[in-house]
Amino acid sequence: MKKLVLIIVSIIFFCIACKDKNPNKPFLVSIIGRSGEIIIVADNSIWTSIAGDTLRNCLAASYPALPQDEPLFDIIHMTSSNFADLYKSHRNLLFIETGAEYNQPQVEFSKNVWAKPQMVITIKAKNQEGIIQAIQEKGDKIISVLEDTERKRQMAIHHDNKENKIMEKIKLNHGINLDIPFGYNLDINQPNFNWISLESEHAMIGLLIKTMPVDTTLRFEKNALLNLRDSILNKHVPGRVDGSYMTTERKAEIYYNNYSYKGRNLIELRGLWKMKNGDFMGGPFISILTKGGKPNTMVYIEGYVFAPAKDKRNYIRQLEAIMYSIK
């Protein structure tokens with residue numbers, strides 16, 4: 001009897017502890033949908049117009065630095081009449097509303113409206129011309145918000161499922177923290193270099209971390225950094241054929257970006273890699289160069305993908321989430 005009473009009391013306390021501190025706040029379910037998907041709710045008259053074309057050209061533009069075309073986001077179109085409650089918990093939603101009351105085009109961003117972690121975007125305009133104006137003025141912001149939201153979702157997954165032993169070795173070798181997801185293997189562990197990989201039947205994903213002394217003669221522009229990249233790969237990333245090694249595919253476009261992320265200055269490169277001297281492999285890469293975790297050092301971190309005949313966008317986004325967890 002005492003045992004039963006204790007169980008009942010425990011259940012009561014558990015329910016009290018789990019009760020939301022704000023009784024007016026509804027319970028939010030977890031998001032549904034695949035990474036990179038977005039549902040756009042718009043009437044057919046809008047969707048089949050120039051305004052619809054403008055929106056598709058914005059959100060379905062080619063993702064940068066991939067060997068084959070893949071869109072920034074996978075678009076699912078619905079009209080308001082077929083947008084059922086089931087879809088309200090989708091990860092990314094974009095609504096288009098038109099009305100005479102919208103004198104100026106507006107773009108609104110709302111988090112966790114029906115689910116979490118969710119992003120809901122609403123474009124409000126008087127007519128099709130207003131919609132086009134809103135996309136032209138705020139298209140980059142829409143893409144940036146969606147990209148950042150997808151990255152943070154992936155980072156949260158990594159943070160909750162980590163390879164702590166690998167992270168400890170990275171901290172020891174480089175003086176930095178990176179959230180390495182469960183399942184990755186530590187292939188090379190050297191004082192200033194680590195090679196980490198994840199292999200499946202569909203893809204081979206790799207992460208390279210190299211710490212170097214600060215080079216005061218290094219010019220932080222695209223060609224100089226590509227030369228630095230190639231020197232690191234030549235030394236540390238051999239191919240399957242004797243004498244082969246990873247290098248940059250210079251014939252493909254290289255994307256260069258120098259900016260600040262969470263107070264840290266980053267130089268980012270995106271492009272394609274290949275194997276030199278006889279090994280026929282290749283794929284996309286993303287890399288960052290930033291201040292090292294040890295005094296007077298800089299650290300180079302690169303993620304690469306080898307996935308023949310498979311889509312690679314989401315693999316790159318996963319690697320990006322690991323790299324941008326740097327602390």
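This is a predicted model: local features need pLDDT of at least 70, side-chain atom pairs count only at pLDDT 80 or more; totals for chains, interfaces and linings use all residues.
**Q118 and its surroundings**

Q118 sits in the loop that runs between β6 (115-116) and β7 (119-125). The side chain of Q118 comes to 3.4 Å from the backbone nitrogen of A115. Leaving out residues up to four places away in sequence, Q118 touches several others, among them I31, H90, N112 and R153.

**Salt bridges**

Side chains of opposite charge can pair when their charged atoms come close. The table gives some of them.

| Pair | Distance (N to O) |
|---|---|
| K124 and E108 | 3.3 Å |
| R317 and E147 | 3.3 Å |
| K152 and D148 | 3.1 Å |

The K124 and E108 side chains meet in a salt bridge. K124 belongs to strand β7 and E108 to strand β5 (residues 106-111), so this pair ties together parts 16 residues apart in sequence. K124 is buried at 16% relative accessible area, while E108 is partly exposed at 31%.

R317 and E147 also form a salt bridge. This pair links distant parts of the chain, 170 residues apart: R317 is in helix α7 (residues 313-323) and E147 in helix α4 (residues 128-160). R317 is buried, with 7% relative accessibility, and E147 is buried, with 15%.

K152 and D148 both lie in helix α4, 4 residues apart, which is about one turn of the helix. K152 is partly exposed at 44% relative accessibility, and D148 is partly exposed at 23%. Salt bridges with shared partners join D148, R151, K152, E268, R270 and E320 into one network.

Notes
Residues are numbered from 1 along each chain as its sequence is written. Side-chain values use heavy atoms; hydrogens and water are left out. Helices (H or I, at least four residues) and strands (E, at least two) are DSSP runs, numbered from the N terminus. A polar contact is a pair of N or O atoms within 3.5 Å; within protein, one must be able to donate a hydrogen and the other to accept it, and residues adjacent in sequence count only if both atoms are side-chain atoms. Contact means heavy atoms within 4.5 Å. A salt bridge is a side-chain nitrogen of Lys or Arg within 4 Å of a carboxyl oxygen of Asp or Glu. Buried means under 20% relative accessible area, exposed over 50%, partly exposed in between (1.4 Å probe, protein chains only).
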